[in-house]
Every structure is written in structure tokens, then in C-alpha cells.
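Hi,

Here is the structure I promised to pass on.

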Amino acid sequence: MNLEPKPELEAFRQEVAEFLDTAPTDVIREAGRKTTSVFAPFDATMAWQKILNGKGWAAPEWPVEHGGTGWSAEERFVFAEEYCKRNLPPLLPNCLKMIGPLIIDLGTEEQKARYLPRILAGDDYWTQGYSEPEAGSDLASLTCSAVADGDDYIINGSKTWTTLAHRANRMFMLVRTSSEGRKQQGITFLLLDRVDYPGMEIRPIVGLDGFPEQCEVFFDDVRVPQSGRVGAENEGWTVAKHLLKYERGSSSQAPWLYRFVRMIREAAATRTSPFGGTLAQDPVFQRELGELEADVASVEAVEKLAVSGHPLAHDLAFPSFNKTVGTELIQRLTSLMARVSGLEGLSLQLQALTVGGGTAPLGDGFDLIAMPYYLNSRAASIYAGTNEVQRDLIARSLMSR
Amino acid sequence: MDFTFTDEQTMLRESVARYLAKNYAFEARQAIVRSDRPFSAEVWQALADFGLLALPFPEALDGLGGSVVDLVAVGELFGEHLVVEPYLSSILLAGRALAEVGDHPRAEHWLGRLMAGEALAAFAHEEGAGTADPSLVAVSCTKAGGGYRLDGEKRLVLGGANADVLVVTARVDGAPGSPDGLALLVVEPGAPGVRITPFKTLDGRSAAHLAFDGVEIPADDLLTADAHGAITRTLDGAVIALAAEAVGAMTALLRQTGEYAGSRRQFGVPIATFQTVAHRLADMKIAHTKARGTLLYTAALAEAGRATRRDVSVLKAQVGRLGRALAEAAVQTHGGIGMTDELAIGHYLKRLLAIDAMFGDSDYHYRVVGAGA
Ligand SMILES: Cc1cc2nc3c(=O)[nH]c(=O)nc-3n(C[C@H](O)[C@H](O)[C@H](O)COP(=O)(O)OP(=O)(O)OC[C@H]3O[C@@H](n4cnc5c(N)ncnc54)[C@H](O)[C@@H]3O)c2cc1C
């Protein structure tokens with residue numbers, strides 16, 4: 001073992017810090033402050049992606065030949081640390097972290113050429129059409145069907161929980177192309193070039209925080225070209241599982257989690273405790289934040305091992321570990337945020353939360369976001385496969401030894 | 001000992017329950033919340049017709065002399081139906097504070113109008129974290145001319161934007177931390193120097209932050225300058241009624257989640273057959289039983305005049321923590337659908353969050369209990 005930091009890493013940190021200090025516009029910084037979900041405010045975040053892409057930094061994890069940065073895992077971690085310190089809005093995950101890497105791994109040359117540059121540039125936004133009203137945890141029971149007709153498929157059925165479908169211009173989805181055999185066997189993975197095909201309808205769903213983030217999508221004889229298929233017909237399940245690995249695994253959650261710890265600590269310094277002094281000086285509060293911070297530090301330790309290539313991270317259950325631990329920590333942290341904010345967080349302030357909305361918040365920036373963040377993050381243990389399902393996967397990885 | 005509701009209480013409860021089932025189904029409730037007005041005048045009239053506006057007040061003040069348990073019996077229903085009408089703010093807080101003052105013409109005047117459904121009041125007490133302990137009140141009320149002048153800020157005053165009168169807690173003497181020198185006064189919201197910032201709360205209620213900047217108070221409007229006991233009794237009563245609402249919300253969540261888990265199928269079976277879901281339901285039931293048991297027992301103690309500071313804090317802490325945990329479990333059990341505005345589940349979660357935050361959250365009250373108060 002060797003903890004010595006590499007000198008070139010410090011130079012890299014300087015370079016990153018300088019860019020991140022100067023490049024974001026005021027609107028982008030506002031979006032960062034008003035982020036209350038893993039899905040940061042759409043327009044400003046996409047604008048920020050364009051700026052980052054101009055610098056060549058939109059997709060650090062992609063291979064260089066497709067527009068990645070060529071950074072080492074350690075450099076990527078440094079980048080994430082500097083990024084989160086500045087409270088910038090996280091780039092939206094669907095494209096850069098999910099469909100992009102999938103197309104790189106499994107797409108045709110034509111698909112790569114057509115889609116990757118536009119994903120990188122932030123010109124396209126892809127929504128994910130997996131879940132259906134009756135097919136949630138049991139995703140393989142999906143029924144939305146695609147029937148081959150000449151060079152096309154004709155789609156009928158519906159999808160739900162499609163995040164940001166109302167802001168998207170493209171969609172990747174799973175459809176049923178056969179009802180023979182095991183239900184996993186008749187599924188096909190499709191890329192849809194548009195979300196406004198005739199017969200396609202998108203209806204936003206308002207969430208607990210009062211904002212529409214998810215949508216329902218209805219398909220009534222929607223004709224799409226077969227050239228959008230990834231992998232073979234009826235073999236979409238393998239493709240979907242490949243993507244889940246990207247959806248659940250992220251190698252730098254700790255910097256993001258520290259961001260919450262920092263926000264809570266700063267807020268606590270400005271609030272009085274009913275037992276005297278500030279909340280930050282209150283031993284009970286310190287005990288609680290301390291436990292959370294220690295858990296974040298453990299995540300950081302695991303991630304530092306992972307980026308160094310340690311075998312710990314090659315465990316089959318690692319993506320499920322990552323997803324479960326990260327989401328539950330976010331929930332505990334936002335729960336503490338909500339309690340620190342207390343009464344001040346109870347006001348409903350949809351307008352003040354809107355980037356560029358021009359309405360000043362009633363309290364401070366922390367009170368503005370504490371409750372919406374708490375409410376929104378209740379979903380973290382549900383999306384990308386519920387944490388119950390993740391725990392099953394973790395347990396199974398032990399039992400198969 | 002008997003911890004069941006009396007026949008009269010059961011009758012009242014059944015009629016209110018029937019009314020709410022018919023007129024306050026979740027969709028109707030949502031329509032009220034989404035309207036421009038903060039509540040439904042028809043529903044308020046119906047509550048008046050049930051006698052609820054006069055229920056908590058002594059007969060000597062022309063009230064119905066209802067007991068704590070009466071209020072708990074109705075409060076649970078308000079929680080089950082997420083009733084947004086200003087019963088807590090106008091009747092249980094402002095009204096009770098006026099009644100605590102008792103023999104004072106201004107107090108009697110306003111209380112009469114509240115009971116008759118002619119006026120609404122708001123209780124301006126909270127000043128930020130910590131005013132669950134009334135001795136921390138800092139808003140100042142100083143002698144000026146023949147009357148007083150009021151300065152300072154009140155936060156999250158429920159019903160504060162629609163009140164005909166504000167019942168305000170303030171300090172005429174001493175420093176924050178001292179139980180002495182606390183006053184109750186009435187202030188007309190239109191008086192010069194009163195600034196009202198209205199907003200809606202995330203659980204669908206109307207509230208306001210209030211600022212008082214040299215507001216002139218006629219001597220008559222100072223109801224009492226020794227108000228610590230009156231404020232404490234008012235808050236304790238409100239906490240018990242609020243705890244009843246929390247338990248009612250938990251009851252609804254438990255029922256709706258049990259039904260959902262029994263009917264929602266994944267992998268060809270109801271999700272309730274997965275042990276992790278079944279055990280979560282069991283934990284919800286355990287939480288509900290603890291909370292409801294504590295509520296009914298504390299209400300009986302309070303009715304007998306034997307509820308201590310500790311008892312009230314135990315109740316508030318338990319419904320705060322157990323309510324939040326139960327509601328989070330309900331959302332999780334519902335999966336994606338539990339995250340939507342369309343379903344009641346998330347609205348119960350928000351109500352329980354708000355209830356926990358008010359009058360000292362569970363962290364605060366556990367510490368009061370732990371300190372051996
Ligand atoms: C905010 C949000 C964003 C989302 N974004 C997208 C998106 O962009 N695209 C998309 O396709 N989908 C998306 N989803 C859908 C998400 O993947 C599903 O909600 C999730 O898979 C759970 O399915 P469900 O909601 O039908 O719950 P259900 O499967 O009905 O589960 C209900 C409960 O039962 C439990 N349960 C189910 N099966 C088992 C089991 N075998 N063992 C133990 N417990 C079990 C669950 O853990 C849960 O607690 C999103 C969901 C949310 C909340």
C-alpha cells in the first residue's frame with residue numbers, strides 16, 4: 001500500500017479547479033443551488049453540459065475515441081471532488097452514464113456515429129422506457145409490444161416512470177417481440193429517434209415535491225424503424241442488464257455525499273439550538289452528523305480502493321452495494337436536512353425553486369431545498385431497482401459461492 | 001380503568017366520520033387544497049354544525065365543555081382525511097389561548113365570534129427553532145403611551161394570512177429563557193406596522209410569517225402579562241390534538257398500504273408475500289399500535305388532569321418519529337406510485353413531516369424526556 005499522492009494529480013486538481021471556478025454562468029450556479037434531485041434543473045444543466053463538452057470534459061468515463069477525457073480513475077475522482085465542492089448541478093445521468101456507454105459497447109457503427117456526438121454535445125436527451133404499470137420490479141413481465149412490419153416495428157402499449165420524457169427528444173426502451181419461452185427471452189431493446197412519432201403520447205406525472213419529473217408514455221400503433229434495435233431481436237434482456245450495470249454503479253458517490261454533509265454543517269452553524277448555542281455546537285446534533293459523515297467516509301474509502309483497482313470492487317455484488325449504500329445515505333442525509341430546517345422548510349416554494357423564476361426564497365437557500373430534496377430522495381430506494389431487490393442480489397452473490 | 005370512547009364520543013365520531021367519508025374523500029380534499037381559498041367554507045360550516053367550534057371551550061364561556069378525549073376522537077378523523085380546515089390554528093390554538101385568559105372582555109369577545117363561526121383567529125407564537133419552550137419567546141411588548149408597542153417576528157403562523165385577529169405571545173419583561181414576563185395579546189392584522197408574508201405549506205395549509213414593527217397595542221388588547229401557564233396549557237392541548245391527527249394519518253397509511261401490498265402483484269404473487277415487505281408491514285403495525293396506545297393513554301391522563309410535561313413530550317416524540325418512519329415505509333412499499341402527487345400516500349407523509357416539525361420535533365422532545373423533566 002502506498003498513500004503518496006502523485007504530484008501530477010495536484011497539478012491536475014489546479015487545472016480543474018480553475019476551470020470550474022470560471023466557466024459556469026450565474027444561471028448554472030443557481031441551478032446547482034436549486035438542485036433537489038439526482039435530476040438537476042434541466043435547461044441550465046444541459047447548457048452546462050455544452051460548456052463542459054466544449055472543454056472536452058462532458059464524459060470523463062467514456063473511451064477517448066468517443067470523446068472521453070482519457071483521465072485515470074484517480075483523476076476522475078479528483079474531478080468529481082472539485083465539481084461537488086462547488087455545488088454545481090450534476091449532469092443528467094441517462095445519456096452520459098447510461099445510453100451513451102451502452103451504445104459504445106453494443107451499438108452498431110451507424111448508431112455510434114449518429115448518436116454519440118449529439119449525446120456528448122447535449123443536443124439530445126434520452127428518456128429510459130423500461131418500466132410499465134404492471135412491470136416494475138418484475139421488469140421481465142413487460143407487455144408493451146413491437147411487431148415487425150417490413151423495415152419497421154409497430155409498437156402498442158405503455159411505459160411509465162420515464163424520467164424527463166417531457167423534456168426528451170429520444171427514448172431507449174424495452175419491448176416485447178415474442179411471448180414464447182421464458183419471459184426474459186422475448187424482449188428487444190430499441191432506440192427511438194423521436195418521441196413525437198404519430199400515435200405516441202407523453203403525460204407528465206407530478207411528484208411529491210410538486211414538480212413533474214417522471215412521465216407516462218402511450219403507444220398506439222407507433223411505427224419505428226428496426227434499425228434502432230440494439231442487439232438481436234428477442235435478446236434485449238441481456239442488453240438491458242448490461243445497461244443496469246451502468247445505472248447502478250458509479251465510482252464517485254462520496255464527493256456528492258460530502259456535499260450534503262457540508263450543506264448540513266453550514267446550515268447548522270447559523271441556527272440556534274433550543275438547548276442553547278448554535279445547532280452546530282450541540283452534542284446531539286454532532287453525534288448524528290458524525291455518524292453520517294463516518295458512513296460517507298467509508299463510502300469514500302471503498303471508492304478510493306475501487307479506483308485504485310482493488311479486487312474489492314470486482315465483486316459481482318458491487319453495483320448493488322453501491323446503489324443501496326449510496327441511496328440510503330442520501331436519504332438519511334436529506335432526512336437530517338429536513339429536520340435541521342424544521343418549520344422553516346415547511347413552506348411550499350415551487351416558484352422560488354425554479355431556476356430563473358425570479359422569486360426570492362422565504363428563508364435561506366438551505367430551507368428552500370431541504371424538504372423538496374428529502375421528498376424527492378424517497379425515490380432513491382425505488383428507482384434503478386428497489387433496494388429490496390438489490391439486497392436480494394447481494395445475498396445471492398453470497399449464496400452462489 | 002377504561003380507555004374506550006364513551007357512547008357520546010362514539011356517536012360524534014361516527015357522524016363526523018360519515019360526513020368526511022361523503023364530503024372529504026381524497027379527491028375532494030385535493031380540490032380544496034388546489035383552490036384559491038385556503039379551505040372550504042361549507043366544510044367549516046359543517047364542523048360548526050357538529051358543534052366542533054364550541055367543543056373545546058368551558059360551558060362558563062358558552063362552550064360545550066368538551067374534554068381532551070373528545071378532541072382526540074375527532075382529531076384522529078381529521079388526520080385520516082387530511083382535513084385542512086383551520087381547526088388547529090383558530091380553535092385549538094388561538095381559541096384555547098383566549099379561553100385560558102378567561103375573564104377578559106376582549107378575550108370573550110373574540111372567543112364568542114370564533115365559536116359562532118363568524119371570525120377566524122391565528123396563534124402567533126413560533127419564532128423559529130425552539131419556541132416549543134414558551135419561555136424562549138423574544139418578541140417584545142413594551143409600554144408606550146397608554147398602551148404597548150410590539151416588535152419582532154413570528155414564523156409559520158398557521159392561518160396567519162386569513163385571520164380576523166391574531167393572538168400573539170410576547171415578552172413584557174425579562175429575557176428569553178425566563179418563564180416570567182410573558183404576555184398574550186390580541187392584534188388586528190390590519191394594524192399599522194404588521195407585515196404579513198403569506199404562503200402555503202407543503203401539506204396544503206395556509207400560513208404566514210409575521211413581522212411587527214412598532215405596532216401600537218391599546219392597553220385593553222393585552223389579555224394577560226403572566227401567560228406562561230396559559231401558553232403551556234394551550235400548546236399541550238394542541239400537541240395532543242395534533243398527535244391524534246398524526247395517529248389518524250398513520251391509521252390511513254397502514255390500511256391503504258396493507259390493501260395495496262395484498263393486491264399489487266409482481267413475479268406472479270402479491271408483493272405482501274415477500275418476507276421483506278411482510279415484515280415492513282408488521283413494523284408499520286407495531287409503530288401504529290405504539291403510537292395509538294400512547295395517544296389514548298396520554299389523553300386519559302390529560303383528561304384526569306394528570307398529564308405531566310414528560311407525558312406530553314413522550315407522545316409528541318413518538319408520533320413524530322414513528323409517524324415519519326411509518327410513512328416512509330408506506331411510500332417504499334408502494335414503489336413508484338407512492339412517489340406521485342396523485343396518490344394520498346405522499347400527502348400523509350407530508351402531513352406527518354409537518355406535524356413532527358411543529359411545537360418541537362421528536363429530537364427535541366426525546367431530549368426533554370431523557371433529561372428527566
Ligand atoms: C423517481 C423515479 C424515477 C424512475 N425513472 C425511471 C425511468 O426513467 N425509466 C424507467 O423505465 N423506470 C423508471 N423508474 C421506475 C422504477 O424502476 C420502478 O419504480 C422500480 O423498478 C419499482 O417498480 P414499481 O414501482 O412497480 O414497484 P413494485 O415492483 O410494485 O414494488 C413495490 C414494493 O414491493 C417490493 N418488491 C417487489 N418485488 C419484490 C421482491 N421480489 N422481493 C422483495 N420485495 C419486492 C419493492 O421493493 C417495493 O417496495 C423510476 C421510478 C422512480 C420512483
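Between domain 2 of chain B and domain 3 of chain B there are four residue pairs in polar contact, both residues at pLDDT 80 or more. Polar contact here means a pair of N or O atoms within 3.5 Å; within protein, one must be able to donate a hydrogen and the other to accept it, and residues adjacent in sequence count only if both atoms are side-chain atoms. On the domain 2 side of chain B, strand S5 (residues 182-187) gives the most to the face that touches domain 3, with three residues. Sorted by class, that side has nine nonpolar, three polar and three charged residues. (Ala, Val, Leu, Ile, Met, Phe, Trp, Tyr, Cys and Pro count as nonpolar, Asp, Glu, Lys and Arg as charged, and the others, Gly among them, as polar.)

Before I go on, the ground rules. This is a predicted model, where local features need pLDDT of at least 70, side-chain atom pairs count only at pLDDT 80 or more, and totals for chains, interfaces and linings use all residues. Residues are numbered from 1 along each chain as its sequence is written, chains are lettered from A and ligands numbered from 1 in the order in which they are written, and side-chain values use heavy atoms, with hydrogens and water left out.

Back to the two domains. The assignment for chain B gives domain 1 (7-116), domain 2 (121-227) and domain 3 (229-370), with bounds from an automatic or database domain assignment. The C-alpha centres of domains 2 and 3 of chain B lie 30 Å apart. In contact terms (heavy atoms within 4.5 Å), 15 residues of domain 2 of chain B meet 14 residues of domain 3 of chain B. Together these two domains bury about 1200 Å², 72% of it on carbon and sulfur atoms; buried area is the accessible area (1.4 Å probe) that two parts lose on being put together, summed over both. Ala132(B), Asp203(B) and Ala227(B) supply 35% of the area that domain 2 of chain B buries against domain 3 of chain B, more than any other three residues.

The count of salt bridges between domain 2 and domain 3 of chain B is one, the cut-off being a side-chain nitrogen of Lys or Arg within 4 Å of a carboxyl oxygen of Asp or Glu. Asp203(B) also forms a salt bridge with Arg351(B), with the closest N and O atoms 2.7 Å apart.

Now the chain interface. What does chain B do against chain A? 40 residues of chain B are in contact with 38 residues of chain A, and the two chains bury about 3500 Å² between them, 63% of it on carbon and sulfur atoms. The rule finds six salt bridges across this interface. Asp363(B) and Arg339(A) meet in a salt bridge at 3.2 Å, N to O. H10(B) gives the most, with six residues.

Asp62(B) sits in the loop between helix H3 (41-49) and helix H4 (68-81) of chain B. Helices (H or I, at least four residues) and strands (E, at least two) are DSSP runs, numbered from the N terminus.

Cheers
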